[in-house]
Amino acid sequence: MATLRELKGRIGSVASSEKITGAMKMISSAKMHKAEGALRRLKPYRSNIETIIANLLTADATFTSPLTETRTLQRVTMVVLGSDDGLCGAYNVNLVKFLDSHIRELRSDLGEDLHIDIVAIGRKMIKACARLSDARTTVTTADDINSKSEGDEVKKFEFGLRDAFLKGDTDAVELVYMNYQSAGRQRPAADRLLPLSSDAFATEGIVPSARPYIFEPDAQTIFSSVLPMYLLALTQEVFVENRASEQAARVMAMQAANDNAKKLLDQLRLEYNKLRQQSITTELLDIVGGQVRD
């Protein structure tokens, strides 16, 4: 049985752990709200670009782009975004399970010879994806980018993916990430980045005009300029969603750890008080017994 001194030491240790997990929860919560704000600022920009493209698609104009070229899929690049830091529960594990399942589905539909190039982002994700490497699956890392990257770093990375597609090094590019729906709800998702499909744009809300459009500059120039902007906006949004989801998962993990620490602290204090009461009772009995003998 533990002594009073040992129990007191355990209580102090658990109390410290409770304070640490509480502080980490507050920090992660602040980071999550910051990512939420960035996500709210990005979505209107992407929505406006989608509206421009949808108007072009419903207009009486012809235009093409190599970014919309559909090929027979023999090699697919999958960019999977995880975390660089730990203490976020099963966040990376759930993403890898989803990625593995998604790869199996693709090969079931397109053939077992389909080659997958996995680009893992985040130290924890790189480690988790290592087991997926085989003769038909290559796991690589991206230079100068991580799960916290933004701005020019994301722009450079997106340009590299676009360049690989245009050169024919890959037939399609997909983004695998944790879709942020709310602070308590995140779901793994796989979005096709390239080639771009007209299905990605909401044309159902656009009513075609009875009169032909006059584009200045021409429709082809507008289309060629707007598509790269859309790709960059989509990539930036996915990175921000991933950051928000990671922090939300960390908030939940720290909350669970904090709750467990509180339960353990209550149990230790109860045991400590029982043992202390037992010790006091024993001492009183010894005193009373000594007085009776006298």
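**Close-up views of a predicted model**

**View 1. Ser 147 contacts Asp 84 through its side chain.** The two side chains make a polar contact of 2.5 Å. A polar contact is a pair of N or O atoms within 3.5 Å; within protein, one must be able to donate a hydrogen and the other to accept it, and residues adjacent in sequence count only if both atoms are side-chain atoms. This is a predicted model, in which local features need pLDDT of at least 70, side-chain atom pairs count only at pLDDT 80 or more, and totals for chains, interfaces and linings use all residues. Residues are numbered from 1 along each chain as its sequence is written, and side-chain values use heavy atoms, with hydrogens and water left out. Ser 147 sits in the loop between β3 and α4. Helices (H or I, at least four residues) and strands (E, at least two) are DSSP runs, numbered from the N terminus. Ser 147 is buried, at 1% relative accessible area. Buried means under 20% relative accessible area, exposed over 50%, and partly exposed in between (1.4 Å probe, protein chains only). Not counting residues up to four places away in sequence, Ser 147 touches Gly 82, Ser 83, Asp 84, Ile 121, Asn 242, Arg 243 and Glu 246. Contact means heavy atoms within 4.5 Å.

**View 2. Five strands form an open sheet with mixed pairing.** The order is β3-β2-β1-β4-β5. Strands β3 (137–141) and β5 (185–194) stand at the edges with a single partner each, so one side of each has no neighbour in the sheet. The twist averages 25° from one strand to the next. Two strands pair if DSSP finds at least two bridges between them. Strand β1 (residues 75–81) runs parallel to β4 (residues 172–182) over five bridges. Val 80 stands opposite Val 176 in β4. Seven bridges join β1 to β2, again in parallel. Here Val 79 stands opposite Val 119 in β2. Six of the seven residues of β1 are buried, so this strand is largely enclosed by the rest of the structure.

**View 3. Phe 98 lies in helix α2 (residues 91–110).** Phe 98 counts as partly exposed because its relative accessibility is 25%. Leaving aside neighbours within four places in sequence, Phe 98 is in contact with Val 176, Pro 188, Ala 189 and Ala 190. Its C-alpha atom is separated by 31 Å from that of Ala 54, 44 residues apart along the chain.

**View 4. Helix α4 (residues 152–167) has one buried face.** Its 16 residues reach 22 Å from first C-alpha to last, close to the expected 22 Å. The expected span is 1.5 Å times one less than the number of residues. Val 154, Phe 157, Glu 158, Leu 161, Arg 162 and Phe 165 are buried. The arc is that of the directions from the helix axis to the C-beta atoms. The face turned away carries the exposed residues Asp 152, Lys 156 and Lys 167. Just after α4, Gly 168 takes a positive phi of about 85°.

**View 5. Asp 171 sits in the loop between α4 and β4.** Asp 171 is buried, with a relative accessible area of 12%. A polar atom of its side chain lies 2.9 Å from the backbone nitrogen of Gln 74. Not counting residues up to four places away in sequence, Asp 171 touches Arg 71, Thr 72, Leu 73, Gln 74, Arg 75, Phe 165 and Pro 195.

Note on methods
Axes are lines fitted to C-alpha atoms, for helices over the stretch in contact, and angles run from 0 to 180 degrees between N-to-C directions.
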